Amino acid sequence: MGIKNILRRIVSKDRKIVITGLDNAGKTTMVSFLQTGTFIEHTPTMGKEETTIEVQGVRMNLIDMGGQKDFRAMWQGELDDAQFAIFMVDAADKDRFAEAKEELWKISSVVKEIPLIVLANKYDLPDVASLSEIIEALDLQRLSSFEVLPISCKTGYGIVKAFKKIYYKMTGDQLTKKLRPKAVTIFDKGGVPLTSTSSDDVLKGGLFAAITNFIKESFNSELNQIKIEGNTIIFKRSNHLMGSIVIDDTENIDAKEAEDGLNELLCHLENMCPELEQEKLDEEKLKFLVEQYSTNLLE
Ligand SMILES: Nc1nc2c(ncn2[C@@H]2O[C@H](COP(=O)(O)OP(=O)(O)OP(=O)(O)O)[C@@H](O)[C@H]2O)c(=O)[nH]1
Ligand SMILES: [Mg+2]
């Protein structure tokens, strides 16, 4: 065996990430969101489930632990040879914070060996606890190191940010993000803009009008990409919606990646809005969904 083989072995070693937290916290929902880019309903995990995902050349072996009482005794054994620990808490279920604290503290000695991140889930719900309330309720300041991040495994809110953090803590490298759009706009089937999110006031000038015109025109053509005022606009259609994404030409544009990002968002919206099948449209809901999901695209 040559030196290259040995190096490859070390470099390509899977990183083991163990995901713990009370039952119903949303652990399995997060794993499936990472795999599919959208929300899927799951039944409670019996024992544990293993999944491998690849993030920028690093293979992450996600161990999704069952959170019901009977399975909690298994957590420590899995954590013993892990490289990273996630503890997930349902931020809307304040009545169970004391129970969550108790379980977290049972495994708290892991922080001496590996990084631990607390994910405060369900941040799509209106009545969630603030991060400082969670820090206090779980007594996190007493840990030698901790980090809490808000996410939603239903809408995707904060997921990329959380995984960037996890990747950095585990590898010491920054997860580079190639796609950095300036704006994302969703239109109805007729080309009427429904909602727009942008990283600055990029849509204030003539650009927004230009995008809207472009969308109308592209009905009659195969055109799905144009350049306006130093920007590239990419356009995509799903069953009931349309979307556009604006990228600065000074960025190293990977059109395929931009299209994939937009496509993921559209698939997610179609999945979350089954009422679209009945030609019904809830604009407020759509706005909220785009806002939450866009945290993964705009940053
Ligand atoms: N509103 C909302 N519901 C969520 C979110 N994430 C998960 N859920 C719901 O919470 C419930 C539990 O999700 P699971 O992913 O099965 O929870 P779990 O932590 O894997 O539970 P165990 O396997 O029993 O440990 C499901 O009904 C999910 O649809 C979220 O971000 N927002
Ligand atoms: Mg589960």
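**A walk from the ligand to the cores**

Start at ligand 1: helix H2 gives the most to the shell around it, with 3 residues (helices are DSSP runs of H or I with at least four residues, strands are E runs of at least two, both numbered from the N terminus). This is a predicted model, where local features need pLDDT of at least 70, side-chain atom pairs count only at pLDDT 80 or more, and totals for chains, interfaces and linings use all residues. Residues are numbered from 1 along each chain as its sequence is written, while chains are lettered from A and ligands numbered from 1 in the order in which they are written.

Next, select what surrounds ligand 1: 22 residues, the closest being Asp23, Gly26, Pro44, Thr45 and Gly67 (near means a C-beta atom, placed from the backbone, within 6 Å).

Now pick the largest nonpolar core, with 40 residues (buried Ala, Val, Leu, Ile, Met, Phe, Trp, Tyr and Cys joined through C-beta atoms within 7 Å; buried means 20 or more other C-beta atoms within 10 Å of a residue's own). Those with the most contacts inside it include Ile17, Phe87 and Val89. Strand E4 (84-90) and helix H4 (97-106) are among the elements that each supply at least two residues, and E4 gives the most, with 6 residues.

Finally, colour by domain: the assignment, automatic or from a database, gives domain 1 (3-171) and domain 2 (183-296). Their C-alpha centres lie 32 Å apart.

Key. Buried ≥ 20, exposed ≤ 12 C-beta atoms within 10 Å, placed from the backbone.
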